[in-house]
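Please keep the sequence and the model in view while reading.

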Amino acid sequence: MDPRAIGVFDSGLGGISVLRACTALLPQEDFLFFGDSANAPYGEKDLAQVQALTLAGIDHLLAQGVKAVVVACNTATSAAIALLRSRHPGLPIIGIEPAVKPAAQARDSSQVIVMATPLTIHEDKYQRLAAAFCHQADVISLPCKGLAEMVEQGRWEGEALDAYLQELFLPFRYCNVDYIVLGCTHYPFVRRAIRKNFGRPVEIIDGSDGTARQLRRQLEGAGLLAQRSTPGRVTFQNSLPDRLPMSQALFQMDY
């Protein structure tokens, strides 16, 4: 038994979608979420910047005694997960990656769109993932410059978001797309707008549940699960303190 909190890190507010999956699967655990909104979005920075910011964010959580870390950001995972694990051997560090595998392996899958930040798509980690399943489906990588920033700003619906998505999806309106994979943890909060503006029925999935399951497996394997019978606490921190009310709103949002 280990009652210490689990740290969850994101480049801003998007990782709250992963936090929700983790708290649903492990309700007895305490969680400490740190969002680096002062430096968001990470997906349009260069590799060295993302690595430095991610290392600093994880150090912030470790200084508060967390027992494990979830890197709830696809860009930070792609850029820095290997570096983090080399620097902190023995610490459970769980990343997230776009849910390309379940989408590509679905029986009816022919074309899969992966929405992600430009840096996530550029990184070798994602390129290897997409290539591993290109024989099972046509994996279309779609960089979404500016979308994570819209979520950070609280623009979760409205005309500007609709116009952005309609232009983004225009080349695919008549393609045989079966799945859209949300490859950024910010994007689930605009899931309804994505569905509305794609123009035809499509399955939308993300990697949050898989990350939560991997967290549970690692905690079980290391003997670090909390055994309390009462619900754990969720604490929010942000490099921009005025984002804390928005953090609570996203945690409670029905999407």
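Where does Pro 41 lie? The model is a predicted one, and in it Pro 41 is placed in the loop between strand 2 and helix 2.

The peptide bond that joins Ala 40 to Pro 41 is cis, with omega at about 0°. Ala 38 belongs to the loop that runs between strand 2 (31–35) and helix 2 (47–62), and its relative accessible area of 43% makes Ala 38 partly exposed. When neighbours within four places in sequence are set aside, Ala 38 is in contact with Ser 239 and Leu 240. Although Ala 38 and Cys 22 are 16 residues apart along the chain, their C-alpha atoms are separated by 24 Å.

## Helix 1 and Ser 17

Helix 1 is mostly covered, since seven of its ten residues are buried. Those buried residues are Ile 16, Ser 17, Val 18, Leu 19, Ala 21, Cys 22 and Thr 23. They pack against strand 1 (6–10), strand 2 and strand 3 (68–71), and also against helix 10 (208–222), strand 9 (234–238) and helix 11 (244–252).

Ser 17, which lies in helix 1 (residues 16–25), counts as buried at 2% relative accessibility. Beyond the residues up to four places away in sequence, Ser 17 touches Thr 185, Pro 188, Phe 189, Ser 208 and Tyr 255. Its side chain also takes part in polar contacts with backbone oxygens: a polar atom of the Ser 17 side chain lies 2.9 Å from the backbone oxygen of Gly 14, and the side chain of Ser 17 reaches the backbone oxygen of Thr 185 at 2.9 Å.

## Helix 11

Helix 11 has Met 246, Ser 247 and Leu 250 as its buried residues. These residues are on the same side of helix 11 because they cover an arc of only 105° around the axis. The face turned away from that buried side carries the exposed residues Pro 245 and Gln 252. On the buried side, the packing partners of helix 11 are helix 1, helix 7 (147–152) and strand 9.

Which strands form the open sheet, and in what order? Four strands form it in the order 6-5-7-8, with parallel pairing. Strand 6 (138–143) and strand 8 (203–206) are the edge strands, each of which pairs on one side only, and from one strand to the next the twist averages 25°. Within this sheet, strand 5 (residues 111–116) and strand 7 (residues 177–182) pair in the parallel sense over five bridges, and Val 114 stands opposite Val 181 in strand 7.

Gln 111 is found in strand 5 and counts as buried at 17% relative accessibility. Not counting residues up to four places away in sequence, Gln 111 touches Asp 138, Ile 140, Cys 175, Asn 176, Val 177, Asp 178 and Tyr 179. With one of these residues there is also a polar contact, in which a polar atom of the Gln 111 side chain lies 3.0 Å from the backbone nitrogen of Asn 176. Gln 111 and Gln 136 are 25 residues apart along the chain, and their C-alpha atoms are separated by 9.3 Å.

## Cysteines

How many disulfides does the model contain? The count comes to zero, a disulfide being defined here as a pair of cysteine sulfur atoms within 2.5 Å. The table sets out two cysteines, neither of which is in a disulfide, with the distance to the nearest cysteine sulfur and the relative accessible area.

| Cysteine | Nearest cysteine sulfur | Distance | Relative accessible area |
|---|---|---|---|
| Cys 22 | Cys 73 | 14 Å | 0% |
| Cys 144 | Cys 184 | 8.4 Å | 1% |

Note on methods: Residues numbered from 1 in each chain as written. Predicted model: local features only at pLDDT ≥ 70, side-chain atom pairs only at ≥ 80, totals over all residues. Heavy atoms only, no water. Pairing = 2+ DSSP bridges. Helix = DSSP H or I, 4+ residues; strand = E, 2+ residues; numbered from the N terminus. Axes fitted to C-alpha atoms, helices over the stretch in contact; angles between N-to-C directions. Buried < 20%, exposed > 50% of the residue type's maximum accessible area, 1.4 Å probe, protein only. Contact = heavy atoms within 4.5 Å. Polar contact = N/O pair within 3.5 Å; in protein donor to acceptor, adjacent residues only side chain to side chain. Arc of directions from axis to C-beta.
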